[in-house]
Amino acid sequence: MLSVKTLGDAAARARRPRGLVPEIVSALEADMQGGRLNPGDKLPTESALMARFEVSRTVVREAISRLQAAGRVETRHGIGTFVIAPRAAEPNFRIAPEDFATVADVISLLELRISLESEAASLAAQRRDEASLAAMGAALGAFEAAIRADSDAVPSDFQFHMEVARATGNRHFADLMTYLGTMIIPRTRLKTAGDAPEGRLAYLERVHHEHESIYRAVRDRDAEAARAAMRTHLANSRERLRRAQASENGAAH
């Protein structure tokens, strides 16, 4: 029989707000500010964070992605995630969450990403090594597992694009991706998967196949094919949003 305390704890967890990711981010930032986590320290494992905050792996990964975007941590493939020193000053270039308020805002960012990430994919195909290719493959596998588990697959989607950026061997690509964080994935701001005419699963499977095309081109060291595959992938997202925007505008008149 469950104790009164156990039932009370369960009820408290059930009443927790949906803002689990900000809760974890705030707690880890407090650890950094309080000296419990210092620059160079390794964050606890995903499993440890899941146990500490009583959340899923997806929530933990989203929180870490936000800390990456804020410049508080960096992930080293195969080693772990480490605390880094705060930025000395706010950069002149800034894209804030409020800059994603409308479909037009998200389309504008996709146009930036098309030019940036198409070239990144080309460079990745020329420079990738076995470790970076394995990291891209792992992100692909995580994406496929996530969509089968009825997840929005945002963390693994972002991770795939991050691994392509890292494979360029040019840290500035990865730094910019880290700065932008998971908010670059349109479905973090818009219901692109849920509103897709073909349905959520088919939509995410199509995204997965587009990722696979990028991966194969990088694996085969085909720079032009990698550039074209990334451009097609991001342009498809842009066109889907343009159609949705046109439909909304038409309905409003």
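Helices (H or I, at least four residues) and strands (E, at least two) are DSSP runs, numbered from the N terminus.

Residues are numbered from 1 along each chain as its sequence is written, and side-chain values use heavy atoms, with hydrogens and water left out.

Now α9. The helix covers residues 200-219, which is 20 residues. Its expected span is 1.5 Å times one less than its number of residues. That gives 28 Å, and the end C-alpha atoms are 28 Å apart, so the two agree.

Which residues of α9 are buried? Buried means under 20% relative accessible area, exposed means over 50%, and partly exposed is in between (1.4 Å probe, protein chains only). The buried ones are Tyr203, Leu204, Val207, His208, Glu210, His211, Ile214, Tyr215, Ala217 and Val218. An α-helix has 3.6 residues a turn, so residues three or four places apart point the same way.

Arg221 sits in the loop between α9 and α10. At 45% relative accessibility, this arginine counts as partly exposed.

There is another case of positive phi. Glu54 is a residue other than glycine, and its phi is near 60°. Look for Glu54 in the loop between α3 and α4. Its relative accessible area is 47%, so Glu54 is partly exposed.

Step back to the whole chain. How many helices and strands does the chain have? There are 10 helices and 2 strands. From the N terminus, the order is α-α-α-α-β-β-α-α-α-α-α-α. The chain has 253 residues, and 43% of them count as buried. Contact means heavy atoms within 4.5 Å. Among contacts with a separation of 6 or more, 70% join residues 24 or more positions apart.

A word on confidence. pLDDT is the predictor's confidence in each residue, from 0 to 100. The chain has a mean pLDDT of 82, and 76% of its residues reach 70 or more. Over residues 1-18 the pLDDT is below 50, and beyond near neighbours in sequence this stretch has 5 contacts in the model. Where pLDDT is low, the predicted coordinates should not be read in detail.

Is His233 buried or exposed? His233 is buried, at a relative accessible area of 4%. Leaving aside neighbours within four places in sequence, His233 is in contact with His161, Val207, Glu210, His211 and Ile214. Val207, Glu210, His211 and Ile214 are also on the list of buried residues of α9.

His161 comes back in the largest cavity. On a 1 Å grid over the protein atoms alone, a cavity is a set of points where a 1.4 Å probe fits but cannot get out; a pocket is an open set with protein on both sides within 12 Å along at least five of seven lines; lining residues have an atom within 4 Å of a point. Grid points are joined across faces, edges and corners, and a volume is the space filled by probe spheres set on the points.

The whole structure holds 1 cavity of 30 Å³ or more. The largest cavity has a volume of about 30 Å³. Its lining is Leu116, Glu117, Ala120, His161, Val164, Ala165, Phe173 and Met177. Helices α5, α7 and α8 each supply at least two of the lining residues.

On to the second largest pocket, with about 620 Å³ of space. It is lined by 26 residues, and the closest to its centre are Glu46, Arg61, Thr75, Thr81 and Gln159. Two or more lining residues come from each of α3, α4, β1, β2, α6 and α7. Helix α7 gives the largest share, 5 residues.

Last stop, Ala85, in the loop between β2 and α5. At 48% relative accessibility, Ala85 counts as partly exposed. Not counting residues up to four places away in sequence, Ala85 touches Pro39 and Gly71. Ala85 and Gly71 are 14 residues apart in sequence and 8.2 Å apart in space, C-alpha to C-alpha.

How values were computed. Predicted model: local features only at pLDDT ≥ 70, side-chain atom pairs only at ≥ 80, totals over all residues.
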